[in-house]
Amino acid sequence: MDNLYCLRCSRELEAGQKSVAVYLFAQTVGVKPRQKSSAQRICFCPQCSVSLAMGPAPEGALNLAAWQMIRDIVGADPALTEAAWESLHGIEEGLLPATGTGSAHPMRPGAFFEF
Ligand SMILES: [Zn+2]
């Protein structure tokens, strides 16, 4: 079983960890025999999923379609948002210098938006 990495931040996603997977494949229509590409599985960690969903619409029809799917799925269940906040909190404590008080807005949608 191969390891999965978040497409956006390259964080390794452990099996069973909360994440969003986007499955993508292409197939021909009206062509016989029908050709079907291999399926790609694209994963986003909770932070990137939520950040993408809260961020501005990306450019490109394919990006936009994926963005709308991620928005749907992030909006459907608060568990992903909670996981994003938990991991964000952990990163702040572990990597950033102490600022004394917790920021009221640790989540900056769009600040690292790049699809
Ligand atoms: Zn990520």
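**Exploring a predicted fold**

User: Glad to have this predicted model open! Is S10 buried or exposed?

Analyst: Happy to start there. In this predicted model, 9 other C-beta atoms lie within 10 Å of S10. A residue with 12 or fewer counts as exposed. S10 is therefore exposed.

User: Where does S10 lie, and what is its phi?

Analyst: S10 sits in the loop that runs between β1 (4-5) and β2 (12-13). Most residues other than glycine have a negative phi. S10 is not a glycine, yet its phi is positive, near 65°.

User: Which peptide bond is cis?

Analyst: Let's look at the loop between β3 (20-24) and β4 (40-44), where P33 is found. Most peptide bonds are trans. With omega near -5°, the cis bond here is the one from K32 to P33.

User: What pattern do the strands and helices follow along the sequence?

Analyst: The protein chain holds four strands and three helices.

User: How are α1 and α2 oriented to each other?

Analyst: Their axes are 9 Å apart, and the packing angle is about 110°. Angles of 65 to 115 degrees count as roughly perpendicular. The crossing of α1 past α2 is left-handed. The two helices are therefore roughly perpendicular.

User: How many residues in the contact of α1 with α2 are nonpolar?

Analyst: On the α1 side, the contact is made by S49, V50, L52 and A53. From α2 come W67, I70, R71, V74 and G75. Of these residues, one is charged, two are polar, and the nonpolar ones number six.

User: One last thing: what percentage of the residues count as buried?

Analyst: Good one to finish on. The protein chain has 115 residues. Among contacts between residues at least 6 apart in sequence, 57% join residues at least 24 apart. As for burial, the share of residues that count as buried is 15%.

How values were computed. Residues are numbered from 1 along each chain as its sequence is written. This is a predicted model: local features need pLDDT of at least 70, side-chain atom pairs count only at pLDDT 80 or more; totals for chains, interfaces and linings use all residues. A residue is buried if 20 or more other C-beta atoms lie within 10 Å of its own, exposed if 12 or fewer, and partly exposed in between; C-beta atoms are placed from the backbone. Two residues are in contact if their C-beta atoms, placed from the backbone, lie within 7 Å. Axes are lines fitted to C-alpha atoms, for helices over the stretch in contact, and angles run from 0 to 180 degrees between N-to-C directions. Angles under 35 degrees count as roughly parallel, over 145 as roughly antiparallel, 65 to 115 as roughly perpendicular and the rest as oblique. A crossing is left-handed if the near helix is turned anticlockwise from the far one by less than a right angle, and right-handed if clockwise. Ala, Val, Leu, Ile, Met, Phe, Trp, Tyr, Cys and Pro count as nonpolar, Asp, Glu, Lys and Arg as charged, and the others, Gly among them, as polar.
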